[in-house]
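New notebook page, new structure.

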Amino acid sequence: MSDDPGVKWVKVATLDDLWEGDMLDAKVEGEEVILIHREGGRIVCFQGMCPHQEILLADGNFDFVKGTITCSAHEWEFDMKDGRGRNPLGCKLFQYDVRLEGENIMVGVPTDGRLRRLRHSVEEEA
Ligand code: FES
């Protein structure tokens with residue numbers, strides 16, 4: 001795998017810390033993130049703050065059968081596969097690149113200043 005110069009790879013956890021069907025939250029380069037080990041083995045990483053009013057998504061509900069993340073505050077629902085809003089539509093969680101180096105779960109943090117904490121208000125849809 002070639003190294004993208006616009007990404008800094010940071011070790012966030014090991015496979016021992018994050019079993020399949022589980023999630024964990026962490027802070028990476030100053031931002032909250034959530035790591036999810038989806039059933040089937042794929043690991044994904046998203047911004048850890050809800051794009052609505054910046055509540056920690058780690059306090060929400062993770063439904064591995066439906067494949068959803070639901071915020072505890074106002075029940076916005078996101079797709080666990082790609083972070084897209086299912087309810088409401090139109091919002092999205094920032095998704096980090098993830099790769100394994102042996103047992104280590106590495107998260108790719110953009111170094112180009114890209115916003116890693118997306119926000120969304122319902123007014124944007126009006
Ligand atoms: S803060 Fe998450 S749904 Fe409102």
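Predicted model: local features only at pLDDT ≥ 70, side-chain atom pairs only at ≥ 80, totals over all residues.

**Strand pairs.** I began with strand 4 and strand 9 (residues 95–101), which run antiparallel and are joined by two bridges. Which residue of strand 9 is the bridge partner of Cys-45? I found Tyr-96 there.

From strand 9 I moved on to strand 10 (residues 104–110), and here I counted five bridges, again with the strands in the antiparallel sense. Arg-99 sits opposite Met-106 of strand 10. These two strands make a hairpin, with two residues between them. I checked the turn as well: Gly-102 has a positive phi of about 65°.

Next I went back to strand 2 (residues 22–28), which pairs with strand 3 over seven bridges, in the antiparallel sense. Opposite Met-23 I found Ile-36, in strand 3. This pair is a hairpin too, with two residues between the strands, and Glu-29 takes a positive phi near 50°.

**Cores.** Nonpolar side chains in soluble globular proteins tend to be buried together, so I looked for such groups next. The largest nonpolar core here has 17 residues. Which of its members touch the most others? My list reads Ile-34, Ile-36, Phe-46, Leu-57, Phe-62, Ile-69 and Phe-78. Strand 3 (31–37) and strand 4 (43–47) are the elements that give two or more residues to this core. Another core, of 16 residues, lies apart from it; I noted Ala-13, Ala-26, Cys-45 and Val-107 among its members. Cys-45 is a name I already had on this page, from its bridge to Tyr-96.

I searched the whole structure for cavities of 30 Å³ or more and got one. The largest cavity has a volume of about 30 Å³. What lines it? I wrote down Cys-50, His-52, Gln-53, Glu-54, Ile-55, Cys-71, Ala-73, His-74 and Trp-76. Sorted by class, that lining has five nonpolar, three polar and one charged residues.

**Cysteines.** Are they buried or exposed? Cys-50 has a relative accessibility of 2%, so I put it down as buried, given that the cut-off is under 20%. Cys-71 comes out at 3%, and so it counts as buried as well. Last, I looked for disulfides, taking sulfur atoms of a cysteine pair within 2.5 Å as the rule. The count came to zero.

How values were computed: Residues numbered from 1 in each chain as written. Heavy atoms only, no water. Buried < 20%, exposed > 50% of the residue type's maximum accessible area, 1.4 Å probe, protein only. Core = buried A, V, L, I, M, F, W, Y, C linked by side-chain atoms within 4.5 Å. Helix = DSSP H or I, 4+ residues; strand = E, 2+ residues; numbered from the N terminus. 1 Å grid on protein atoms, 1.4 Å probe; cavity = no way out; pocket = protein on both sides within 12 Å on 5 of 7 lines; lining within 4 Å. Points joined across faces, edges and corners; volume = space filled by probe spheres on them. Nonpolar A, V, L, I, M, F, W, Y, C, P; charged D, E, K, R; others polar. Pairing = 2+ DSSP bridges.
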